[in-house]
Amino acid sequence: MNLIAAPARLSTAEATFEAQFTARLHWSADTDAAIEQRVADILADVQQRGDDAVLEYTARFDGLSAESMVGLELTQADFKAAFDAIPAAQREALQAAVARVRKYHEAQKKASGESWSYRDEDGTLLGQKVTPLDRVGIYVPGGKAAYPSSLLMNAIPAHVAGVQEIIMVVPTPVRGSVATGGSGNQAASSKGERNELVLAAAYVAGVTRAFTIGGAQAVAALAYGTQTVPKVDKITGPGNAYVASAKKRVFGTVGIDMIAGPSEILVLADGSTPADWVAMDLFSQAEHDELAQSILLCPDAAYIDAVQEAINRLLPGMPRAEIIAKSLTGRGALIHTRSMEEACAISNRIAPEHLEVSSRDPHKWEPLLKHAGAIFLGAYTSESLGDYCAGPNHVLPTSGTARFSSPLGVYDFQKRSSIIEVSEAGAQTLGKIAAELAYGEGLQAHARAAEMRMKKQ
């Protein structure tokens, strides 16, 4: 097969750049109406029938049948057996990744996750109490599309935050069954496609309980609780369109992390990094999904030519070459800029999920960069290292939401309560202020409650 990957070639010097640039960035997050209706029906059914509905949908969508939820629950023994069964090199890599990710999130907790208080001059105590969520649910893609790294990035910060119960849901569809959340009937089976590396990751990351369910029915079970699946306080983790739609619908009943769009990488290059490295970095996100976006910004036209040549040469050797080619052709771009400063400005407009600064002096440009999920500095810092083991979380805002959103972290699994203890002396001062404002708002009971604590003059 003669595959061609043809990212759009744009130049900021061209009069048509703005229109072409805007068109290339466009991505619709609208969900298909049929998916929305099916998800609504599944959520309502699980909320009403609980375990029975989850069992029915898991059999229908994943081809995985069980007499009761006991047959769909993974145990700590399953995790340990999977950990023991995987190759020693994988066990060591898992443990090394866990150590680095845990170390980073422990530092994050110390920096921003502790309760604090102070007393003012009249003895009034003011502060903030930081407490972990009681129970969270993490959705982990399963079957062939298995991501143990996603499990680590969701479970470890929750564990570090102090969450006592981490409930994992992971679909294990029978080979050949329809995608989770679809429709159709499959042959009964007692065991679907379990990924040993995912279960081993659950073992080392501290998952409390796990169920082999997925799709909208899994989100519903976590959000509402069933006879077997406990109701959680927050749901995190990626999934397909059904999962994303379900998370949007249950928000408010539970918290969610974010609604993620397709993967993105933006490379700012000054031409000093080998072109093959940058081409492969662009591939690293393009291979996720045909809708993934890979963009290069560079002031050196000859270097952009070299990257395009590397793309053409390296693509045939990639196992997911067809997906990469469609992604780069449909949404990729190689953009010639007037300068690195202009490239930084364009990057801020895009607010990418992953931003590589592939430059001789990345620290020169980093201060100009305001909006990105994660910033990777220097030629040796490939985005893939951040995905697996560098330490910072790889769950990042997409689709320009890095303008106002942050990576998943310890803070997402904590909540904050204000602490107020007003002294008798403080009540005299604060009471007068509060009463005056309350009367101004027409809320007399508020004012009187404050005044009752004031000494009569």
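What is the handedness of the crossing of α16 and α17? It is left-handed, meaning that the near helix is turned anticlockwise from the far one by less than a right angle, with clockwise giving right-handed.

Some ground rules. This is a predicted model, where local features need pLDDT of at least 70, side-chain atom pairs count only at pLDDT 80 or more, and totals for chains, interfaces and linings use all residues. Residues are numbered from 1 along each chain as its sequence is written, and side-chain values use heavy atoms, without hydrogens and water. Helices are DSSP runs (H or I, at least four residues), numbered from the N terminus.

Back to our pair. Helix α16 spans residues 424–441 and helix α17 residues 444–451. Their axes, lines fitted to C-alpha atoms over the stretch in contact, come within 8 Å and cross at roughly 165 degrees. Angles run from 0 to 180 degrees between N-to-C directions. That makes α16 roughly antiparallel to α17 (over 145 degrees). The contact (heavy atoms within 4.5 Å) includes G431 and A434 of α16 and H446 and A447 of α17.

Next, α10 (275–286) and α11 (301–314). They pack at about 65 degrees, with axes 8 Å apart. This crossing is right-handed. Among the contact residues are M280 and F283 of α10 and Y303 and I311 of α11.

Last, α3, residues 51–62. Nine of its twelve residues are buried, so α3 is largely enclosed by the rest of the structure. Buried means under 20% relative accessible area (1.4 Å probe, protein chains only). Y57 and F61 are among the buried residues. The buried residues of α3 pack against α2 (33–49) and α8 (215–224). Just after α3, G63 takes a positive phi of about 70 degrees.

Technical notes
Helix = DSSP H or I, 4+ residues; strand = E, 2+ residues; numbered from the N terminus. Expected span 1.5 Å × (residues − 1). Buried < 20%, exposed > 50% of the residue type's maximum accessible area, 1.4 Å probe, protein only. Parallel < 35°, antiparallel > 145°, perpendicular 65-115°, else oblique.
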